Amino acid sequence: NDAQVKFEELTELDKKHFLHPSTSIKQHMENGPGAIFTEGEGIYLKDVRGRKLIDSLSSLWNVNIGHGRAELGQAAAEQMARLAFSSTFAGNSHEPVIELAKKVSEWTPGNLNTTFFTSGGSESNDTAFKTVRHYWKVKGQPNKTKIISRSLSYHGVAMGATSATGIEPFREFTTSLAQGFLYVDSSIESLKDLIEKEGAENIAAFISEPIQGSGGVNPPPEGYFKEVRQICDENDILFIADEVICGFGRTGEKFGMDLFGVVPDIICMAKGISSGYAPIGGMVISDKIKNELMENYEGNFWHGYTYSGHPMCCAVALKNLEIIENENMVENVRNMGEELQKGLKYLEETHVIMGNRRGIGLLGAIEFFKDLEAGERYSEPVSTKVVAKALDRGLLGRSIVYGGQDTLAFAPPFCITKQEVGTMISIIDDSIVEVK
Ligand code: PLP
């Protein structure tokens, strides 16, 4: 039929001309694209062959308000018709960027009030790494350059962001990375030992996601960030929160660090700020950092992307945050988060091979074990097979196998209903039965 012909034509062109991110080139040439999407609405995506799939990860943990919100398209079109672009370099500005910076400061905790805009999460983290190094230089401590990050963290793919990423395949992909990055496991003792070994006088910052996303939806140990905050304060180490996934409501709080009662010195953001409708991210700094850079340094902030504060992206982000606020979506995340956790508990109780259930808000994960008590794994991950079966049943899923785990991850759009959570869980349930 027509749809199949169209799919095959597009498949050939895709294979010939498009290099996919985070995809095996060889396998892609053999298998072609899994789905070629054409439209979306709410928690659903449709593809060119007419399949309707539940987007159980909000695509890349980013389409938070859900698909198909035409208001964002209208906001983009209006802004582009009025002012498609003007530079924010050399102190120039425009209304959407000013309004968005103000709006972000209403969302961020403590005295984090000033935002530098980027096009995404990687750029935001690279910006933060350069900013903390600049900060210590301005403060007369140019040796404070090293950045500590955690194992299984994901911070993106720009040179600094990859260097900070704890998931090893991303770092091993290339030969040399940025210098001065250190990795630590999730114990407080290891952090203290590392600081002792390297010397606090050489360390600029610690970076962490509140709950690790791509590394497997890993919440921190009990009390972890409170202690980290204290250690950072005692050692003059800046605390950067990578809120690219958790920020703007994903966990049921405004920011993930709010869950732990911790205020970072810098927050990096992207994804949820625009729900993926436009590429935009940002780095928000505290008044303390801003004042230091203002009072004790005359030169330029020698860092800026052409698209720092792109007017259309800012207009889209503003509309997105307005929708999240007006439709009480963060509250829905809390309520539907409980449904999701209940659903994962049901899976765990129904299937003896499942355990290590975790998550909060609309962020959840569960793992497969051959023998749960012994922690023994299957030789081939079960999660990938379940995801393949779930696709046939109408769910686009995500399996995570980094670090030897065998995890199914969930992060559906904030607009999900109780019934839709139920459908999602029952598709997974049936898919597991089929795989067994
Ligand atoms: N930080 C975190 C926690 C992320 O999850 C991601 C993307 O998945 C990034 C940074 C990188 O963001 P981007 O892909 O927009 O560069």
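Ser 22 sits in the loop that links α1 (2-17) and α2 (25-31); helices (H or I, at least four residues) and strands (E, at least two) are DSSP runs numbered from the N terminus. The model described here is a predicted one, in which local features need pLDDT of at least 70 and side-chain atom pairs count only at pLDDT 80 or more, while totals for chains, interfaces and linings use all residues. Residue numbers start from 1 along each chain as its sequence is written. Although Ser 22 is not a glycine, its phi is positive, at about 45°. Ser 22 counts as exposed because it has 10 C-beta neighbours inside 10 Å; by this scheme a residue is buried if 20 or more other C-beta atoms lie within 10 Å of its own, exposed if 12 or fewer, and partly exposed in between, with C-beta atoms placed from the backbone.

Asn 328 belongs to the loop between α12 and α13 (329-350), and its 12 C-beta neighbours inside 10 Å make it count as exposed.

Turning to the domains, the assignment for the protein gives domain 1 (35-65 + 328-435) and domain 2 (70-326); such bounds come from an automatic or database domain assignment. The C-alpha centres of domain 1 and domain 2 are separated by 27 Å. Across the boundary, 27 residues of domain 1 are in contact with 23 residues of domain 2, where contact requires C-beta atoms, placed from the backbone, to lie within 7 Å. On the side of domain 1 that touches domain 2, at least two residues each are supplied by α3 (58-61), α13, β11 (354-359), β12 (364-368) and β15 (407-410). The most comes from α13, which gives five residues to that side of domain 1.

The largest nonpolar core holds 105 residues, a nonpolar core being a set of buried Ala, Val, Leu, Ile, Met, Phe, Trp, Tyr and Cys residues joined through C-beta atoms within 7 Å. Among the residues with the most contacts inside this core are Phe 206, Leu 238, Ile 266 and Val 316. Helix α12 (residues 311-326) contributes the largest share of this core, with nine residues. Because domain 1 (35-65 + 328-435) and domain 2 (70-326) both give residues to the core, it lies between them. Beyond its neighbours within four places in sequence, Ile 266 makes contact with Ala 128, Leu 238, Ile 240, Met 283, Val 284 and Ile 285.

What partner does α12 pack against at an angle of about 40°? It is helix α5 (residues 95-107), and the two axes are 8 Å apart; axes are lines fitted to C-alpha atoms, for helices over the stretch in contact, and angles run from 0 to 180 degrees between N-to-C directions. The helices α5 and α12 are therefore oblique to each other, since angles under 35 degrees count as roughly parallel, over 145 as roughly antiparallel, 65 to 115 as roughly perpendicular and the rest as oblique. The crossing of α5 past α12 is left-handed, a term used if the near helix is turned anticlockwise from the far one by less than a right angle, with right-handed used if clockwise. From α5, Pro 96, Val 97, Glu 99, Leu 100 and Lys 103 meet Pro 311, Cys 314, Ala 315, Ala 317, Leu 318 and Leu 321 of α12.

Ile 188, Leu 191 and Lys 192 of α9 make the contact with Tyr 224, Glu 227, Val 228 and Ile 231 of α10.

Cys 268, in strand β9 (residues 266-269), is buried, with 31 other C-beta atoms within 10 Å. Setting aside residues up to four places away in sequence, Cys 268 touches several residues, including Gly 121, Ala 128, Ile 240 and Met 283. Gly 359 is found in strand β11 and counts as buried, with 21 C-beta neighbours inside 10 Å. Between Gly 359 and Gln 341, 18 residues apart along the chain, the C-alpha separation is 7.3 Å. Ser 214, in the loop between β7 (203-208) and α10 (224-234), counts as buried with 24 C-beta neighbours inside 10 Å. The C-alpha atoms of Ser 214 and Glu 196, also 18 residues apart along the chain, are separated by 29 Å.

Definitions and conventions. Contact = placed C-beta atoms within 7 Å.
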